[in-house]
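Here are a few notes to read alongside the structure. Take them in order, with the model open beside you.

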Amino acid sequence: MATDLLNISPQLIVLSTTVIVLCLEMARLPRAALWALVVGMLTATGVAVDMLGTDTTAFSTTFRVDALSLWAVIILGPATILFALLGRSELKDSAREGTIYSLMGFSALGAMILAGSGDLMFIVLGLLISTLAGMAMAAHPRNDPSSEGAMKYFIYGSVAGAIMLFGLTFWAGLAGTTLISGINNPDLSSYAVMFGFITLVIGIGYAASLFPVHFWTPDTFEGAPVSIAAYLSVVPKIGALFALAQVVRDLPVSLVDWPLILAVLAALSMTFGNVVALWQDNVIRLLAYSTIAQSGYYLLGVIGVGQSTLAIDSMVVFGVAYLLMNAGAFAITLGEGTRLDDFKGMGKRRPWQAVGMTIFLLSLVGMPPLAGFAGKFLLFGAAIESGYSWLAVVAILNSAISLAVYMRIVVPIFFQEAEDGQIRTYAPGTSFVWISTLALTIAAGIGVQWFLG
Amino acid sequence: MAAILLTILAPLAASAWIIVTQKKIGYAALTGAAGSLAGSILLFTAALNGAVTQLQFAGLPGMPFRLEATEMAAVLALVVSVITTFIFVYAIGYMKEEKGKLRFWSGITLFMGAMQLLVLAGDWILFVIAWEVMGFASYLLIGTWYWKKEAGDAANKAFTMNRVADLGLYVGVFVIILAGGSSQILAEPVQGVSVVGTLALLLAVMGKSAQVPFQSWLSAAMAGPTPVSALLHSATMVAAGIILLLKAFPLFPPDALFWIGLVGGITILLTGATAIFSEDIKRMLAASTSSQLGFMALAIGAGYPAAALAHLIAHAFMKSSLFLGAGIFQHEMHSTNYEKLKGSGKKLKLAFSGFAVSGLALAGIPPLIGFWSKDAILTAGLQADPASWYFPAVLIGAFFTAIYMGRAFGILWKGHSEPEEKPKKLPWMHLGYLTLISAVIAGWLFLDPLVETSGFSIPKNNIAMISGLGAAFLGLAAGWFATAPIFKTQVWMFFRDNYPVAGGYTNVIVQPFQMLATGANLIEQFLLQSVFEIGKAFLMLARWLANVPDRAMAFVIDQIGTFNLNIGQWSQITDDRGIVEWIAGLVASIQRLGQYGRNIQSGLVHRELAWSVYGMILALIILSLTYL
């Protein structure tokens, strides 16, 4: 028991931090709540870094302490801090500012639990914690668009969750256990496993905004505050995809051809996200479709799990890269405005931010030597090693389309004259986020070798 | 090690300095170029002593970045930095009175740094990085005068065409790394680099080196300042494609070489004919660049990288000085159109004699540098296995080269030019120009040693030399007398009275070529047409799939409507020519696909959930099929 608790100490630290943050909010001390969150998340990250290399389980193999779950803490802890700083810049002095910090903490905890799931119940639990908290955050402004977006997120979550529970009941019922290590018995009826697996993908795909359960993404993002949209695009997604990796790790392909179905979903997500993004005039919606596409790329790493030595590395590297470039792009959007027109003439007005935004977008395309390239390179490699070369080709073609998508933002920045209007300012938190993520986007791309050790 | 960093970083540092301080930008750029020149000289002397400078640093796991000044890379770096430095000298004079200095100088130094990185890259990933940065810098440079519509369009055209072709580089590099298990650029063959991998790389080369059918961005790129053209067309940018072939040459399976030679051969002939019929001195030079790079591709296809390297070096000097000469004409006469330039050579004697020297070199007149390299290419064509068509292709290409150069001389020299203001004094421009021309004249001294330092020896053959000389003299004479046909009727008559023989030449030589060019155009259109048909079929399929859930009646009516609409749109697109329109069509069809995606995204949650359920059922069906 004591070792179990020690093994999950990063998650415990996050939990207690969040409770403290909640108490500080009750005392109406939002600034203190933010600092408590920062300190707590840094501590959890530090502990997780210290524990890297452990590969064990806790609580009778229901929770896994391995590379995936530890890296989830290391990625999501700092991620929460970055998004909390963005939230501070955006929602400072609004009513219930502090609740955002505690909800971010809870949602991150849910994602961390997902990433370490050793049991189907943990997946259900993690999904609920991370998405319900996310829904409350999306509704924070309490106006029509945000309520609609949050409602949509909620309805989608309920339906997807219900389908998933329904399917998992069959699977677990036949297997006689909810342990992930026990549900891969080759003697099981393949049709039940197939049904269970598909419903699981639906539930997880909802949190990761994968096609065909991505429909909530653009509406929710558009209605929510920019910082919350940024949060939702990164934290639940990484947790959910890591959980999927935990499930398929022990799943024999003979029982259910999971790489095939994930490959189909990956191809559809990438293509759908990029192609529809070409039509968007709102930067947040454009970035929302881009996260759908990026989820598709991310699946290439999951497909490689158990078949390619690059798989786990690629998921971690892409997770870091995705966090950095997405947080940076959202931060600058927060500073400039959410319409494409707001970006007009930015190259003259704010040259540094303009170059920064261009670098984030090029990194999202996957241009070397930025972080996004390193991540995608490994993902493509993992897919090819697993025998899915056609998928890698689809992904490369999609990268070409995505250049056109992101150029939609770059072109007004440099080649169009500014409209008259009020110029927004950058809060210190926003500036910190985009500068630090920019430095890391460049550094991570160049130093990925040392980064992996 | 310091030398290799100096070579790459000096121009990049200059670029950063220019952006940050915005002061003394021309001289800062020149200092950066000089630093790079110093670095490359050090690398070259080290290479002469047989020492290979290497540097490894961070990179992907198990695949560190690697800079490597092999003998060939050191030679190429030296050539790049010499030419670039003197183009910079020229550009200080050229840009004095032009706008857009900041963008020009910061872009061109970035460009130089990227090119040196590409030359010295010792692993494929760094090579891809340099390739991309250079593409981006070229986009900036071509669009230096971005407020002119022409310049913006040209920049976009160059960028999109190169992007399409760059996909090939990504695929090719993937194949190489997966086959060899290492990202290092090796000089020994790697098993498993298939014909497909080679063709992917060839696609990238065709884009960068402006080979048929990607040749049109190069002439559009003329919208940039002349020093940019001089740089793009000589030792950098287009040369990157050939450098890629040289670096990857050991990896190519023998079957794949045929395709490289084929692309080169076709390009030599088609763009050579274009150059002959050009009405504008810079466009003629642009078409000639494609054609000359075709020679290099053909030499590699014939299995003689030494000949390609020799011609790469020689062409870099010749073409950069030709462009700088054309730039002086443009500066003085305010035009690049032949009609405006006719006879101006008599007034601008210095510029004309330089232009003539480099032009004679390009035509292959001894002892200028081009004679030696063209001789090498001819020999390669003669000694290669399928000599039956390699050699004639090269020989005709050499003949074409001589014709268009001879024609340019004729136009620039003959006739009367309007006496305008006195020629301006252009010390910087003349300094850069004359230095490069002296290199063209003295080429026979250094070309052989340079190629030998790279570890190759230039092939030589007497039959090739004699037939090459014959083609050169014959072509020059033909070109000199065939200046007439471009002129309007009146002038035409005037010329015919003075040179009665010109009419004969027109009938014998010019008309068949005109027919050839028309024929080539027809073939190109046919190819484009077939591509459109395939695209149309796919688009119809996509539309049909997207409309499945509609009610049957609405579906049928809608289909008939959109079908007609489609045909209208596509036939409109097919009416236009060129691959840019093809790309535009592709983008449009992708955007149209996007519109369907948007229709699915109705915003009504119950409909969207229904789509999710359809998706789930589809997934179930796919998986069930795997059990069959």
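1. A term to start with: a residue is buried if 20 or more other C-beta atoms lie within 10 Å of its own, exposed if 12 or fewer, and partly exposed in between, with C-beta atoms placed from the backbone. With 23 C-beta neighbours inside 10 Å, B:Thr198 therefore counts as buried.

2. Before going on, please keep in mind that this is a predicted model, in which local features need pLDDT of at least 70, side-chain atom pairs count only at pLDDT 80 or more, and totals for chains, interfaces and linings use all residues. Residues are numbered from 1 along each chain as its sequence is written, while chains are lettered from A and ligands numbered from 1 in the order in which they are written.

3. Back to B:Thr198, which sits in helix α7 (residues 195-208) of chain B. Helices here are DSSP runs of H or I with at least four residues, strands are runs of E with at least two, and both are numbered from the N terminus. Leaving aside residues up to four places away in sequence, B:Thr198 touches B:Val193, B:Phe252, B:Pro253 and B:Ala256; a contact needs C-beta atoms, placed from the backbone, within 7 Å. B:Ile176 is 22 residues from B:Thr198 along the chain, and 9.2 Å separates their C-alpha atoms.

4. Now for chain B as a whole. Its secondary structure comes to 26 helices and two strands, and 54% of its 628 residues are buried. Of the contacts in chain B with a separation of 6 or more, 80% are between residues 24 or more positions apart.

5. Helix α3 (residues 71-94) of chain B deserves a look. From first C-alpha to last, its 24 residues reach 34 Å, close to the 34 Å expected at 1.5 Å a residue; that expected span is 1.5 Å times one less than the number of residues. Because 24 of the 24 residues of α3(B) are buried, this helix is largely enclosed by the rest of the structure.

6. Chain A has 19 helices and two strands, with 65% of its 453 residues counted as buried.

Terms used
Contact = placed C-beta atoms within 7 Å.
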